[in-house]
Amino acid sequence: MAQVGERESEELTLVTTKPYFDLPTACPLCLPLFIYLKLAHFPFRLSFNSIFPDSDQIPYVESGTYVAYNNENGGVIENLKRDGIVDLDSEFQSVPDWVAMKAMISSWLADAMMYELWVGSDGKSACKIYYSDLSWPIVKVLFLKQVYSVKQHLGITKDNAEQREDEIYKRAKIAYGALSTRLGDQDFLFDDRPSSLDATFLGHVLVTLHALPETSVLRSKLLEHGNVVRYAEKHKTKLIESSSSSSGPQFRSVPSSSTPKRGPSNWSSKPKSQPKREKTEGEKTFKRRARYFLAAQLVVVLLFLSLMGGNDAGDMELDDEDEGNAFD
Amino acid sequence: MSNLDSVPDLTPPNSKPDPEHQTPFSTNEIDEEDDDGDDENDVEDDEEDEDEDENGVSGGPNRPKPHSREARFRSEKLKMDSLLQRMKTGPVSVRIHDVIIKGNTKTKDHIIEAETEVLNNVGSMQELLKASQIVNLRLQALEIFDSVKITLDSGPPELPGTANVIIEVVETTRPLSGQIGAYTKAEARSSTVEGSLKYKNLFGYGDLWDGSLAYGYDHSAELSAGVFLPRFKGLVTPVTARAYLLSQDWLTFSSYKERSMGLSLGLFSNQHHEVTYNLAWRTLTDPSQMSSRSVRRQLGHNLLSSLKYTFKFDRRNSSMRPTRGYAFVSSTQLGGLVPDSRSLRFLRQEFDLRYAVPLGFYHAALNFGVSGGVVFPWGNGFSSKPSSLPERFFLGGNISPVCALGGPTTLWGFKTRGFGPTEPKRRVNNENANPSGVDFLGGDLAVTALADLSFDLPFRWFREKGIHAHVFACAGNVTKLTEFEYRNFSVQKLVESLRSSVGVGLVVPTSLFRMEINYCYILKKFNHDRAKTGAWLTFSSAT
């Protein structure tokens with residue numbers, strides 16, 4: 001039993017939100033990572049965390065004590081490239097269109113998806129994807145928090161709501177058009193070989209087609225591009241539905257001595273948005289000693305007051321008068 | 001005994017008390033008969049008012065009315081003496097006609113009347129005095145009155161053998177009070193300093209409102225507000241409700257932070273039993289992003305809806321330095337009391353048994369204690385699910401095991417969350433970094449046992465201050481049962497992996513807390529256990 005457990009923990013495990021809408025995971029952030037690993041034919045196990053929908057750490061991959069979180073170093077895919085585990089993009093960086101396509105997918109399409117899930121549609125899809133395992137009061141509060149946060153992120157106010165919506169849909173339409181042209185009748189976006197952009201784009205398209213309601217404006221705009229829809233359904237059949245077990249008989253674990261491919265290792269274990277100043281050992285020791293010193297002073301003072309002084313040094317309560325107790 | 005015309009006139013109508021042979025009035029005897037302890041609540045029969053209602057002073061109608069004050073005092077003293085005489089020989093029958101409440105401008109009458117129910121069943125003078133004492137104590141316990149005065153008066157003349165009880169209360173003029181104290185909460189497993197503000201009787205229902213801010217040694221902070229209602233819709237015991245915001249930082253020990261926002265209701269509470277309900281939204285996060293796999297799996301939001309029943313039986317002479325008696329505490333907590341299967345479902349049971357034996361020399365006493373606890377999830381697939389991390393048992397801390405009554409909490413010599421199942425933290429991919437260390441995951445089953453011999457020191461100054469010494473030994477273990485680990489469980493393994501320590505120390509009791517300065521020697525520990533042989537300082541306060 002222990003051996004199997006150890007083996008399981010050494011295998012690469014992808015942790016995402018739960019499956020829904022006939023997709024292994026219906027979260028638009030998690031599905032690209034799933035598809036990426038599938039495209040790379042990298043065996044992995046799938047595990048779920050369904051109680052932390054508002055976490056920016058999910059999705060993440062882990063193997064033994066190695067973990068790559070979503071909110072570090074540009075995302076899990078970047079981490080996997082950097083740590084030499086999986087890299088599908090090594091030959092595409094210099095392609096002229098690469099950066100532009102990447103920018104379009106990661107900004108315009110991502111924003112459009114965020115808007116459509118939380119603001120544009122009635123929110124039911126989002127609740128099913130993220131909140132199906134949480135109790136109702138928590139769901140209500142988290143949903144309102146998330147809607148507020150999305151509006152903040154997209155710069156939507158009461159005054160400019162319509163205008164922003166038009167802008168978001170227009171940009172999405174432009175992106176779809178460009179990507180559809182780029183794709184043509186190929187199997188993949190670049191050189192007929194899979195890349196991380198395929199994974200990201202496929203993830204977006206599959207969630208739009210399957211998770212968003214039929215009344216969704218974004219979905220209807222996507223349906224105008226037949227080649228994109230066919231591309232997505234073909235890969236869905238190949239990658240998702242044909243693989244019945246994600247953990248194959250052989251597995252690959254992340255070597256424990258893996259070093260980053262380039263540059264000095266500046267692994268940050270803290271989220272990028274809150275960098276903390278590194279404290280030197282000396283400072284830490286000094287602070288610890290200062291704390292002990294202050295605590296010792298406080299204890300001595302309290303002891304002195306209690307032993308020498310007497311009653312209720314710490315009790316400031318106004319006493320009730322007891323003189324009226326006697327019976328006359 | 002002939003029938004009485006009225007209660008106050010307690011001398012038989014035909015007798016002529018002889019002033020020269022008056023028995024001296026002795027309150028001491030009355031105290032012993034009727035007073036259960038508190039001298040502040042001495043009960044004296046009031047006969048002054050009675051006299052004003054009387055036509056005659058005492059005895060028959062033919063006696064002349066005394067004019068001088070001294071004569072009046074003498075006659076009243078006579079009455080009192082004869083009453084006491086009669087009360088000594090047997091019950092003096094009386095019943096309550098009316099209870100009159102005065103002095104309450106804000107407090108609702110029914111709040112005070114609810115505390116006087118015990119007067120309704122009174123049948124004799126002795127019972128009346130006892131009952132009046134009880135009523136006095138109860139009204140004072142409401143904490144909303146500055147003073148409570150109970151007067152016994154004669155009933156209406158047409159109803160012989162009756163008395164009126166007049167309750168005069170003075171409502172508190174300063175409803176707002178503040179307090180700072182130090183407490184040891186068994187659940188927190190550490191000492192906390194708490195500052196609170198209390199507002200008494202805001203709506204006149206005897207309601208006590210309080211807001212408090214508590215900070216614990218284990219990096220916990222709690223902001224809460226509560227209300228205490230002595231009588232809520234006819235319920236027998238008082239009801240308390242508390243809304244709280246709690247934050248606990250376990251990053252150093254277990255790589256997670258816990259934040260809870262909830263409501264706690266005290267449904268029933270008396271000397272031995274307590275039932276509380278807790279509804280909370282709890283979130284576990286890991287801002288350090290260094291947690292181990294098991295902790296990572298538990299991060300997120302949970303709805304906690306649980307009912308807790310505590311049975312407490314404490315017959316020890318002191319909780320800070322028990323030298324005689326025994327105590328038993330058992331608490332059962334059932335979580336998942338909503339139809340929603342997505343709330344946290346668990347069953348947690350812990351018990352604690354203590355026994356103190358006095359040894360007769362140097363105020364010495366042997367204290368024995370054994371405690372245990374188990375937690376298990378329930379519901380579909382419960383045997384493969386892990387138990388919820390905050391509900392597990394974590395042993396270790398800076399409080400004294402002698403004072404922490406309630407369940408398995410700590411062993412001498414072991415730091416907070418200092419031993420038990422561990423898991424390696426996330427690997428940092430940096431050659432210069434130290435090894436990440438381990439997360440302490442706690443366990444589903446915990447057992448501890450302690451033996452403590454305390455004795456006075458042969459120096460008078462120490463004895464006066466209550467400072468004494470103690471020699472102690474303790475052992476304990478915590479293990480995992482969930483996720484099919486119970487299949488590997490055996491008592492033999494549990495005993496083989498028991499941690500233990502012995503030591504000697506000085507105990508300094510103060511009014512705020514009990515401080516121990518100990519030297520602990522760790523007899524048995526395992527890899528990763530955070531324990532050290534050496535000097536330790538612990539602080540505990542009354543639970």
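## Close-up views of a predicted two-chain model

**View 1. The buried residue Glu72(A) and its salt bridge to chain B.** Glu72(A) has a relative accessible area of 1% and is therefore buried, in what is a predicted model. The partner of Glu72(A) in a salt bridge is Arg426(B), with 2.8 Å between the closest N and O atoms. This pair crosses between chains: Glu72(A) belongs to the loop between strand 4 and helix 3 (76-82) of chain A, while Arg426(B) belongs to the loop between strand 15 (422-424) and strand 16 (438-440) of chain B. Arg426(B) is likewise counted as buried, because its relative accessibility is 1%, and buried here means under 20% relative accessible area.

**View 2. The salt bridge between Glu62(A) and Arg296(B).** The side chains of Glu62(A) and Arg296(B) form a salt bridge with an N to O distance of 2.4 Å. Here too the pair crosses between chains, running from strand 3 (residues 60-63) of chain A, which holds Glu62(A), to helix 7 (residues 293-298) of chain B, which holds Arg296(B). Glu62(A) is buried at a relative accessible area of 2%, and Arg296(B) is buried at 3%.

View 3. Arg460(B) and Glu464(B) are joined by a salt bridge in which the closest N and O atoms lie 2.7 Å apart. The two residues are four apart in helix 8 (residues 460-465) of chain B, which means that about one helical turn separates Arg460(B) from Glu464(B). Both Arg460(B) and Glu464(B) are exposed. Elsewhere, Glu62(A), Arg293(B), Arg296(B) and Arg297(B) are connected into one network by salt bridges that share partners. Over all chains, the structure contains 28 salt bridges.

**View 4. The open sheet of chain A.** Four strands of chain A make up an open sheet with mixed pairing, and their order is 2-1-3-4. Strand 2 (45-48) and strand 4 (66-68) of chain A stand at the edges with a single partner strand each, so that one side of each has no neighbour in the sheet. From one strand to the next, the twist averages 25°. Strand 1 (residues 13-16) of chain A pairs with strand 2 of chain A in the parallel sense, over four bridges, and within strand 2 of chain A the bridge partner of Thr16(A) is Phe48(A).

**View 5. Chain A as the setting of the sheet.** Chain A has eleven helices and four strands, and 45% of its 328 residues are buried. When contacts in chain A between residues at least 6 apart in sequence are considered, 71% of them join residues at least 24 apart.

**View 6. A nonpolar surface patch on chain B.** On the surface, Leu267(B), Phe268(B), Leu307(B), Leu334(B), Leu337(B) and Leu347(B) form a nonpolar patch, and together these residues have about 440 Å² of accessible area. One of them, Leu334(B), is located in strand 12 (residues 325-335) of chain B. Leu334(B) counts as partly exposed because its relative accessibility is 32%, and the cut-off that applies to members of such a patch is over 30% relative accessible area.

Technical notes:
Residues are numbered from 1 along each chain as its sequence is written. Chains are lettered from A and ligands numbered from 1 in the order in which they are written. This is a predicted model: local features need pLDDT of at least 70, side-chain atom pairs count only at pLDDT 80 or more; totals for chains, interfaces and linings use all residues. Side-chain values use heavy atoms; hydrogens and water are left out. Patches are made of residues with over 30% relative accessible area and no salt bridge: like charges are joined within 9 Å, nonpolar side chains (Val, Leu, Ile, Met, Phe, Trp, Tyr) within 5 Å. Accessible areas come from the Shrake-Rupley method with a 1.4 Å probe; for residues, only the protein chains shown count as cover. A salt bridge is a side-chain nitrogen of Lys or Arg within 4 Å of a carboxyl oxygen of Asp or Glu. Buried means under 20% relative accessible area, exposed over 50%, partly exposed in between (1.4 Å probe, protein chains only). Contact means heavy atoms within 4.5 Å. Two strands pair if DSSP finds at least two bridges between them. Axes are lines fitted to C-alpha atoms, for helices over the stretch in contact, and angles run from 0 to 180 degrees between N-to-C directions.
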